[in-house]
Amino acid sequence: MIDELPPADTYRALAETGDSALVDVRTRAEWTFTGIPDVGATGRDLLMVEWVSFPSMAPNPRFMTDLVEAAGGELPGRLFFICRSGARSMAAAQLVAAEAMQRGERRHCTNVAEGFEGDLDAEGHRGRMNGWKVAALPWRQS
């Protein structure tokens with residue numbers, strides 16, 4: 001089972017959990033055009049690994065390999081997963097938790113509810129109702 005936390009609680013938990021990292025599973029295009037979470041003040045790593053690739057949105061067959069490589073060869077005990085709105089990150093968290101269970105490893109996987117940009121509002125726009133950016137958590141753009 002995967003638990004979920006809203007963005008502000010995620011940021012706090014990330015800062016308080018020594019063996020942890022935030023995994024951003026959005027596409028390179030999203031990282032470039034909408035920004036990325038800035039977790040530098042927490043002392044934890046931001047691992048950027050695409051769950052799907054833009055523009056085809058085809059699943060990344062190397063996701064687990066890429067994730068382990070991004071983590072420097074070994075995954076932290078607790079991983080927080082974020083995407084645009086929380087759907088892709090939940091799928092990624094479920095995969096990582098299942099892989100850990102198969103290996104007999106203990107890995108706590110948490111999905112960031114609302115994601116980086118949040119839900120669509122009545123006008124069909126993100127970034128206005130909820131999510132990492134709306135919670136005024138640190139983020140940056142290239």
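Colleague: Are Trp51 and Phe63 buried or exposed?

Modeller: Buried means under 20% relative accessible area, exposed over 50%, and partly exposed in between, with a 1.4 Å probe and protein chains only. Both Trp51 and Phe63 are buried. This is a predicted model, numbered from 1 along each chain as its sequence is written, and its side-chain values use heavy atoms, without hydrogens or water. Local features need pLDDT of at least 70 and side-chain atom pairs count only at pLDDT 80 or more, whereas totals for chains, interfaces and linings use all residues.

Colleague: How many aromatic pairs are there, and what kind is the pair of Trp51 and Phe63?

Modeller: Rings of Phe, Tyr and Trp (its six-membered ring) pair if their centres lie within 6.5 Å; planes under 30 degrees apart are stacked, over 60 edge-to-face, and the rest tilted. The count here is three aromatic pairs. For Trp51 and Phe63 the centres are 4.9 Å apart and the planes stand at 80°, so this pair is edge-to-face. Trp51 is in the loop between E4 and E5 and Phe63 in helix H3, so the pair ties together parts 12 residues apart in sequence. Phe116 and Trp139 are also edge-to-face, at 6.2 Å centre to centre and 85° between the planes. Phe116 sits in the loop between E8 and E9, and Trp139 in strand E9. Phe116 is buried, with a relative accessible area of 0%, while Trp139 counts as partly exposed at 35%.

Colleague: Which residues touch the most other members of the largest nonpolar core?

Modeller: A nonpolar core is a set of buried Ala, Val, Leu, Ile, Met, Phe, Trp, Tyr and Cys residues joined through side-chain atoms within 4.5 Å. In the largest one, of 21 residues, they are Val25, Phe63, Leu67, Leu79, Phe81 and Val96. H4 gives the largest share, five residues. Apart from this core lies another, of 12 residues, including Tyr11, Leu14, Phe116 and Trp132.

Colleague: What does Leu67 touch?

Modeller: Contact means heavy atoms within 4.5 Å. Not counting residues up to four places away in sequence, Leu67 touches Val23, Leu47, Val49, Leu75 and Val96.

Colleague: How should the span of helix H4 be read?

Modeller: Helices (H or I, at least four residues) and strands (E, at least two) are DSSP runs, numbered from the N terminus. The expected span of a helix is 1.5 Å times one less than its number of residues. H4, residues 87-103, has 17 residues and should span 24 Å; its end C-alpha atoms are 25 Å apart, which agrees. Among the buried residues of H4 are Arg88, Met90 and Val96. Their cover includes helix H2 (28-34), helix H3 (63-70) and strand E7 (78-82). Just after H4, Gly104 takes a positive phi of about 75°.

Colleague: In what order do the strands of the open sheet stand?

Modeller: Two strands pair if DSSP finds at least two bridges between them. Five strands form the sheet in the order E1-E8-E7-E2-E4, with parallel pairing. E1 and E4 (45-48) are at the edges with a single partner strand each, so one side of each has no neighbour in the sheet. Three bridges join E1 to E8, and Glu4 has Asn111 in E8 as its bridge partner.

Colleague: Where is Gly118?

Modeller: Gly118 is in the loop between E8 and E9 (139-140). Gly118 is buried, at 0% relative accessible area. Setting aside residues up to four places away in sequence, Gly118 touches Arg84, Ser85, Arg126, Asn130 and Gly131. The C-alpha atoms of Gly118 and Arg128 are separated by 7.5 Å, with the two residues 10 apart along the chain.
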